[in-house]
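Biologist: I am new to this structure and would like a close look at a single part of it. Could you take me through one stretch of the chain, element by element?

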Amino acid sequence: MTARSLIFPLALLLSGVRCSAFHARILPAPVSPVLPSPTLKGFRAGVGRADITPPPGVGLSGSGPEGRRSVGYRLRLYARAMVLEDKSGERIGFVITDLPHMSPNLHRLVAERVLDSTGLGADRLILASTHSHSAPGHFYAERQYNQNTARLAGYEPRMVDFLVTRISAAVLQAYGAMAPARIAWDTTTIVGATRNRSFEAHCRNGADRADICRTPTVEYATTHAVDTVLIMLRVDSASADPAVQETRPIGALSVFAVHGTVNPTINTLLDADVHGIVERRLEQYIESLWPSSSTPRPRAVHLFANGAMGDASPTWDSTSRCPLAAPRRVDSLPIPRGPRGTWDFVDPAPRVAEACLGQADRDLERVGSQISQRAIELFKRLGNSLKDTATIRRAFRTVWLPGLSGLCSRPVIGAGAAAGAEDEPTRVRGWRWLFWPLLPLGVEEGGSAIQVREGNCQSPKRELLDPLQSRFVVGEHGFPETAQISVVRIGSLVIATAPAEPTTVVGARWRREIEAGA
């Protein structure tokens with residue numbers, strides 16, 4: 001049997017269970033039972049979801065200094081869960097959240113909440129995010145992620161408790177809804193919805209077509225320089241009687257590589273971005289298949305996870321990118337002896353912001369519709385190959401990173417990261433030292449962001465605020481130091497979870513290695 005492998009990244013997975021567990025090199029508690037209990041119920045599945053939209057006022061995470069404070073919402077955010085169990089009793093739980101990132105402190109706290117009721121410990125519970133840049137932060141285990149992923153900084157314990165409670169509710173709902181089920185999986189391709197946003201880096205990473213890299217084309221950037229594969233696992237509820245072949249679709253787990261950045265950074269609304277559209281469109285289609293006379297049940301659930309999207313942007317129109325806030329002198333207050341004018345960042349005029357936000361709405365509809373159409377077509381096709389004989393196998397590791405296999409002894413953020421992505425720059429891109437316009441800070445792509453230093457493990461990456469970053473800014477354990485790796489095999493489908501935002505080239509390498517190992 002040939003295994004079909006799938007790179008299923010956990011977007012920006014961080015380190016440690018809690019702030020006191022940074023050096024744990026083995027799997028921390030809670031751990032699920034070592035051996036599954038055999039069951040006579042055959043293959044079972046259940047789905048659930050819970051609203052995780054916070055009140056307005058939180059920071060929109062993922063865009064650094066451009067991440068605004070939210071004033072409302074466009075599409076509400078959800079945690080969607082799916083629990084699968086084979087006839088041997090082996091069980092796995094998937095949760096996809098409409099968040100910018102996932103963090104092990106959420107992962108382990110959710111596992112603590114649901115372990116006794118579901119048997120799903122941290123080693124059998126996979127949490128990931130859609131990576132929407134229009135969703136909240138304030139829940140990370142590491143200081144620098146709480147400080148720098150949005151303009152509004154800080155760790156908020158109430159946000160953590162809110163998210164853990166709601167995510168746990170989705171898992172418990174999915175577990176409580178478990179019933180005999182049949183599943184099927186396959187892939188489709190989606191061309192034109194994404195493009196490579198870092199073409200030069202893509203070529204340096206070892207792209208296959210060196211000739212194209214010298215003279216890049218739009219066709220290559222949208223077809224060959226991104227992962228165009230969408231993979232889907234369809235789940236139908238089935239009758240307890242094996243002789244009855246009729247099933248009822250209840251949900252799906254999909255993975256596709258696309259950044260959640262159709263909304264420009266000037267956006268102030270909580271939103272699930274393009275993933276929210278695709279999630280809802282397939283859910284609406286599934287529910288349209290239910291007989292109107294059927295007994296009301298929990299709604300259909302589409303878990304839409306992100307793949308190797310580190311350099312895969314949606315194909316938004318350039319007019320949807322609002323101008324960055326520009327430094328300008330603010331007038332003095334019109335009172336005697338009032339304060340003098342000061343420098344501050346001023347947003348673009350309302351009419352300009354309205355125009356680019358309007359274009360972003362049209363791009364959301366266009367890109368979301370394109371992905372949704374292909375997802376619905378694949379879901380229909382999978383209805384012809386449903387089965388209830390798949391077995392589940394899984395493995396989980398927590399890996400300590402600093403110094404591992406030639407890695408550097410400490411994590412350091414590069415100066416170029418402060419500039420933002422090539423197609424989503426931040427306001428500090430290209431800045432120079434005060435009074436020294438000829439001395440760049442390295443906050444750009446390429447150029448002075450490259451600094452070759454003999455004996456420096458991070459070279460040729462120029463460290464941000466070098467040499468102050470490690471000693472005075474980050475502090476001990478300020479950045480992620482561990483990675484959580486999960487591999488799940490469901491029949492001939494292999495799902496591998498990986499931390500951070502892997503690029504297209506890295507994702508392709510992982511897939512080849514996983515296929516060879518499987």
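Modeller: Strands β5 and β6 form a hairpin with five residues between them, and G89 in the turn has a positive phi of about 100 degrees; strands here are DSSP runs of E with at least two residues, helices are runs of H or I with at least four residues, and both are numbered from the N terminus. This is a predicted model, in which local features need pLDDT of at least 70 and side-chain atom pairs count only at pLDDT 80 or more, while totals for chains, interfaces and linings use all residues. Residues are numbered from 1 along each chain as its sequence is written, and side-chain values use heavy atoms, with hydrogens and water left out.

β5 (residues 78–85) runs antiparallel to β6 and is joined to it by seven bridges, where two strands pair if DSSP finds at least two bridges between them; R80, for instance, has I96 of β6 as its bridge partner. Seven of the seven residues of β6 are buried, so this strand is largely enclosed by the rest of the structure, buried meaning under 20% relative accessible area with a 1.4 Å probe and protein chains only. In a regular strand the side chains alternate between the two faces of the sheet. In β6 both faces are covered, with R91, G93, V95 and T97 on one side and I92, F94 and I96 on the other.

On to the next strand: β6 and β7 run parallel and are joined by five bridges, and T97 has S129 of β7 as its bridge partner.

Note on methods. Buried means under 20% relative accessible area, exposed over 50%, partly exposed in between (1.4 Å probe, protein chains only).
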